[in-house]
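Here's a quick tour of one protein chain, written for someone new to reading structures. Have a look at it first, then work through the notes below.

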Amino acid sequence: MSKIDIIIPAYEPDVRLLNLLEELDKQNLGPVILINDGSGPEYNSIFEKAALIINRLHGTILTHDFNKGKGRALKTAFSYILKYGLDVEAVVTADSDGQHTPECIKKMINATEKNPGCLILGVRNFTGTDVPWKSRFGNRLTEKVFQFVSGAHITDTQTGLRGIPRKYMKELLELKGERFEFEMRMLLDAAGKYQIVEIPISTVYDSVENHQTHFDPFRDSLRIYRILGKKIIKYVFSSFSSSIIDLIVFSILIQVLRKSQPLFYTAIATVIARLISATYNYFINYKVVFKSNESVSASALKYFILAIAQMICSAGLVTVFAFLIPFIPEIILKIVVDTFLFFVSYYIQQHIVFHKQ
C-alpha cells in the first residue's frame, strides 16, 4: 500500500481537534502532521494534549510564530514532507473543526490510493436542512462561477478534504496564495492539468445557526472571487488589446494602400487588420488566458470558425434589433449585442476551442 500522510492545519482550535485526533488514533490512521498556525500561548494546552496523540500516530507538529493563513500552513506541511517524508506518495488534508470525520478521512485515503496521480476532493451534499443557508448559497454560487471561469465542474469548490499526490505538492509550493484563497487557486491550477476525482463525504455542522469557522464571509470570499475574476480580466485585456492592434494596423494600411489600391483599399485593410489582430488574440488566449494543451491546429481552426460566426451574429442581431426597436440608437444595440457575445464567446472558448485534455 502507498504511504499517505494526513495534514491538519489548525488555528485557535478547540476540543474538536482533540476528538478528531483520538478517533484517528483509535482507527490507526496516520501519520498526522498538525500545523499550529500561530494560535498563541492561550492554546498551548490544546497543542500539548494534541502532541501526546500525535506521537502515537507517528506524526509531528509544525508551528508558525504568528498566523500566516491556511495556504501557508499547507505549504509548510508540503515542504516538510518533501524534505523528510521520502516514502510519502500523497497526502490527505483535513480541517480541525470537526467537519471531517475519521470515516471520511479513511474514505479519502482509500480513494487516493486507488487513484494515484489524481487530485481527490471530498465533496459535501449541500441540500440538507442541517446545512447553514450561507454555506449552501455560497457554495452553489461559487460552483457556477468556477465552472464558467475554469470550464471544470466541481460540486464543492470550498472543501478542505483533499487528496494531493506528491508530484502536485511540489508544484503547489510555487502557487500564489497564503490563506483560504490558496485552495481555490489549487483548483484553477489543477483544472485540465490533473484528473479531479470527487468522493462524496458527510456534511457535518455543529449548529445551523451558529457554525463556528475562521472563514471570513466577506474578506475571504472577496479574495476567492478576485482570483476567479483575474481570468476574466485577462480575457478582457486580450480582447481590448486585439481591438487596439486592429485599429492601428487598419490605420497604417489605409495610408499605404490608398493610392495603390484606390477601389478596394478599405476592404483590404479591414481584412488584413482583422487577420493580424485575430491571430494575436488567438495566441494570447491559447497561452495566457486559457493555458490550453489542445493542439494549435485544432484549436486555431475552431477559434477562427468561432470568430467568423461571432462577426455574423453581431451584424445579424444588430440589424434585427434595429428593425424591431428603431427608437434605440444602433450604437447602443451594438454595445449590448457585443457584450452578450463577449461572454458567450468566452464560454465557447473555455469549453470547446481551448478545452484542456
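H58 sits in the loop between α2 and β3 (60-64); helices (H or I, at least four residues) and strands (E, at least two) are DSSP runs, numbered from the N terminus. Its phi is near 60 degrees, which is a positive value in a residue other than glycine. H58 counts as exposed because its relative accessible area is 67%; the cut-offs are under 20% for buried, over 50% for exposed, and partly exposed in between (1.4 Å probe, protein chains only).

Before going on, keep in mind that this is a predicted model: local features need pLDDT of at least 70, side-chain atom pairs count only at pLDDT 80 or more, and totals for chains, interfaces and linings use all residues. Residues are numbered from 1 along each chain as its sequence is written, and side-chain values use heavy atoms, with hydrogens and water left out.

**The whole chain**
- You'll find 11 helices and 7 strands in the protein chain.
- Buried residues make up 44% of its 357 residues.
- Take the contacts (heavy atoms within 4.5 Å) with a separation of 6 or more: residues 24 or more positions apart account for 77% of them.

- Helix α1 (residues 15-26) has 12 residues, so at 1.5 Å a residue it should span 16 Å, and its end C-alpha atoms agree at 17 Å apart; the expected span is 1.5 Å times one less than the number of residues.
- D14 caps the N-terminal end of α1, with a side-chain oxygen 2.9 Å from the backbone nitrogen of R16.
- R16, L17, L18, L20, L21 and L24 are the buried ones here, and what covers the buried residues of α1 includes β1 (3-10), β2 (32-37), α2 (44-56) and α4 (102-114).
- N28 is in the loop between α1 and β2, and it has a positive phi near 60 degrees despite not being a glycine.
- N28 counts as exposed because its relative accessibility is 68%.
- P31 lies in the loop between α1 and β2 too, and a cis peptide bond joins G30 and P31, with omega about 0 degrees.

**Helix α8**
- G229 is found in α8 and counts as partly exposed because its relative accessibility is 23%.
- G229 and F146 are 83 residues apart in sequence, yet 9.8 Å apart in space, C-alpha to C-alpha.
- V256 lies in α8 (residues 219-260), and at 54% relative accessibility it counts as exposed.

**Towards the end of the chain**
- S292 is in the loop between α9 (265-289) and α10 (296-324), and it is buried, with a relative accessible area of 11%.
- The side chain of S292 reaches the backbone nitrogen of E294 at 2.9 Å.
- Q350, in helix α11 (residues 330-353), counts as buried at 5% relative accessibility.
- Beyond its neighbours within four places in sequence, Q350 is in contact with residues including F148, K231, F290 and H355.

Conventions: A polar contact is a pair of N or O atoms within 3.5 Å; within protein, one must be able to donate a hydrogen and the other to accept it, and residues adjacent in sequence count only if both atoms are side-chain atoms.
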